[in-house]
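Subject: Structure for your review

Dear colleague,

Please find below the structure I am handing over to you. My notes on it follow directly after.

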Amino acid sequence: MADTKRSVSVIRILWVCRILVGLLFIFSGLIKANDPLGFSYKLEEYFEVFHITFLSPLAVSMAIFLCALEMFFGFALIIGAQGKKIAWGLLLLIIFFSFLTFYSAFFKVVQTCGFFGDAIVLKPWQSFSKDLFLLVFIIFIFMKRAHIESVFKNKKTESKVVWVAIILSFGVGVYTYNFLPVMDFLPYKVGANILDEMKTPPGAMPDEFQITYHLKNKKTAAAQDMTDKEYIKSGIWKDSTWAIVGNPESKLVKKGFTPKIQDLRINDAQGNEYTQELLSNPFYNVIIVAYDLSHTSVAAMERLNALAITLTDNYNMRTIILTSDAPRNAEAFAKQHKLVSELFYADGVPLKSMVRSNPGILLMKNGIIINKWHYHIVPSYDQLVKQYFQQAK
């Protein structure tokens, strides 16, 4: 009787662990699959850390695969499909994630793990703690994997459900990669005012730093360290026998207000800044974002060029191309493909965040992102006129 009760308790605890871990893996995989291109950038950071940059061309494929794997493992664990194999897969996966997050935290390399994408940004030690928490549950699941039973009695039904889960798991990442994230967690989302996102409001608290001085007594050779507050309060600065040695150390003790957009600066080929002028344009204008022209879709750029010509002719609309390429390369590309849009330049990091597409297109007005599109789904001229410009005429 006691053994039966113990067995029932174990199965109940196992069910709780399966549901908790399963839902967390589904959520994590789904959040990252919402933006597989963003996750691939995070993978490239790890490739650089471990000197395996030869894998960079596979980053997007690996991102979609890992997201699908997480979602499938989570779902399969809940329904009990292939319990022993899934338990092994989860254990190996969480050990791998734990190693990455510990390495990032301890050596201070990749400072956000990307486990929950850009939706929930965790610091390295927070991410490692989360992995350890999950590891405890997964070890229990692994130890009791023999007790994992499928919720389906019919093996054919289970097999069909599993295949549907696999297709959906991969389908989410493939869809969002080709048609932009369903939910945009970045500062350049539709409706955002870019200039406002770059501002620090009046009265906002700045970062608070603690300055540490290294002092040495000229007579006794005694040494001591003091913070800037202690240095002033003690009055030691009045004593000429004490001298500051070396450079003071600065340490961030309290994070202040940080604008959502800090790194956007738009220049022309000569280095003149046009950020304010371009983003404060009171009329409809189009920004074609092609952060890397050497890897952009040439066919898409030619289609966007035809659209830009029509918009300029009929609405005198300003259209620009924003890229991180060197001016010489960008101008050569524009000349080769007879592009009519003005060329401007910005760092690749903010351009990758603006739109998860190369190229992508932003419709702007008064610094506000009215809409944006992947090059696969850019509306036609007639659609743009009907939805946006007809009323503005």
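**Cysteines and disulfides**

The number of disulfides in the structure comes to 0, counting cysteine sulfur atoms within 2.5 Å as a pair. Please bear in mind that this is a predicted model. Cys 17 has a relative accessible area of 6%, which is under 20%, so Cys 17 counts as buried. Cys 67 is likewise buried, with a relative accessible area of 1%.

Helix α3 covers residues 59-79, 21 residues in total. From its first C-alpha to its last, α3 reaches 30 Å, close to the 30 Å expected at 1.5 Å a residue. Gly 80 follows α3 and has a positive phi, near 80°.

Helix α4 spans residues 83-107 and includes Ser 98. Is Ser 98 buried or exposed? With a relative accessible area of 8%, Ser 98 is buried. When neighbours within four places in sequence are left aside, the residues in contact with Ser 98 are Phe 128 and Asp 131.

**Strand β8 and its partners**

Strand β8, residues 360-365, is mostly covered, with 5 of its 6 residues buried. β8 pairs with two strands that I would draw to your attention, β5 and β9.

- Strand β5 (residues 285-289) pairs with β8 in the antiparallel sense, over 5 bridges. Within this part of the structure, Val 286 has Leu 363 of β8 as its bridge partner.
- Strand β9 (residues 368-374) also runs antiparallel to β8, and 6 bridges join the two. Here Ile 368 in β9 stands opposite Lys 365.

β8 and β9 form a hairpin with 2 residues between the strands. In this hairpin, Asn 366 takes a positive phi, near 55°.

**The second largest pocket**

The second largest pocket holds about 580 Å³ of space. Which elements give two or more residues to its lining? They are α2 (36-49), α3, α6 (155-179) and α12 (348-354). Of these, α2 gives the most, with 4 residues. The lining consists of 26 residues, and those nearest the centre of the pocket are Leu 37, Tyr 177, Tyr 291, His 295 and Asn 358.

With kind regards

Note on methods:
Residues numbered from 1 in each chain as written. Predicted model: local features only at pLDDT ≥ 70, side-chain atom pairs only at ≥ 80, totals over all residues. Heavy atoms only, no water. Buried < 20%, exposed > 50% of the residue type's maximum accessible area, 1.4 Å probe, protein only. Pairing = 2+ DSSP bridges. Expected span 1.5 Å × (residues − 1). Contact = heavy atoms within 4.5 Å. 1 Å grid on protein atoms, 1.4 Å probe; cavity = no way out; pocket = protein on both sides within 12 Å on 5 of 7 lines; lining within 4 Å. Points joined across faces, edges and corners; volume = space filled by probe spheres on them.
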